[in-house]
Amino acid sequence: MSFLFLFKRFEIWLLLAVVVGLFFVAFSPEEVETEVTERTEILVLLEKKLEVELPGNKGPETVEPEEEPAFAVKEIKVRPDGGGKVVEVTLSGRAHNGEETPVNDDTLKAMTAAGEPVSPFFEPFRETLTFYPDEASLITTRWWLEKPTDAIWLEFQGQRVEAVLP
């Protein structure tokens, strides 16, 4: 019973009130306000077929188109950061090998127009990016440019695409 003299002190009651208040604030549900500023819709064509009118009134014939590229550049953003620039490239693509294809440092390479390799921007907690075979996928990759350049070339599964920087 010798510790009961502590409750006679004003500082102890003040400390208890602060601790209870902190617990109340920490564990109370928070209302998060979300505001949609701009809505962007992207239409993706999943299957292409061409109808060709044959000579001699034989009627239209469905022809399979040429194989579409594995990926295409949709959007490019460049922002200065320290001694270089971070290039953010949004790609649209589909895996043509019939299975999910991861997009990482080994499968997607980047080079400047002069042929110098471009390093990926370091992101330690980045999720694995994947192109799916069933549907067109949108992925965003980030690259680190130390020297200024007008364009970078991206290579994926043997196909190359030029990304012209703004």
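F121 has a relative accessibility of 24%, so it counts as partly exposed; that class sits between buried, under 20% relative accessible area, and exposed, over 50%, with a 1.4 Å probe and protein chains only. W144, at 22%, is also partly exposed. This is a predicted model, where local features need pLDDT of at least 70 and side-chain atom pairs count only at pLDDT 80 or more, while totals for chains, interfaces and linings use all residues. Residues are numbered from 1 along each chain as its sequence is written, and side-chain values use heavy atoms, leaving out hydrogens and water.

Now the rings. Phe, Tyr and Trp rings (six-membered ring for Trp) pair if their centres lie within 6.5 Å; planes under 30 degrees apart are stacked, over 60 edge-to-face, the rest tilted. The count is three aromatic pairs. One of them, F23 and F27, is stacked, at 5.9 Å centre to centre and 10 degrees between the planes. Both F23 and F27 are exposed. For F121 and W144, the centres are 6.2 Å apart and the planes at 35 degrees, so that pair is tilted. F121 is in the loop between β7 (119–120) and β8, and W144 is in strand β9, so the pair ties together parts 23 residues apart in sequence. Strands here are DSSP E runs of at least two residues, numbered from the N terminus.

Next, the core. What is the size of the largest nonpolar core? It has 21 residues, and V87, L91 and W143 are among those with the most contacts inside it. Such a core is a set of buried Ala, Val, Leu, Ile, Met, Phe, Trp, Tyr and Cys residues joined through side-chain atoms within 4.5 Å.

Definitions and conventions:
Helix = DSSP H or I, 4+ residues; strand = E, 2+ residues; numbered from the N terminus.
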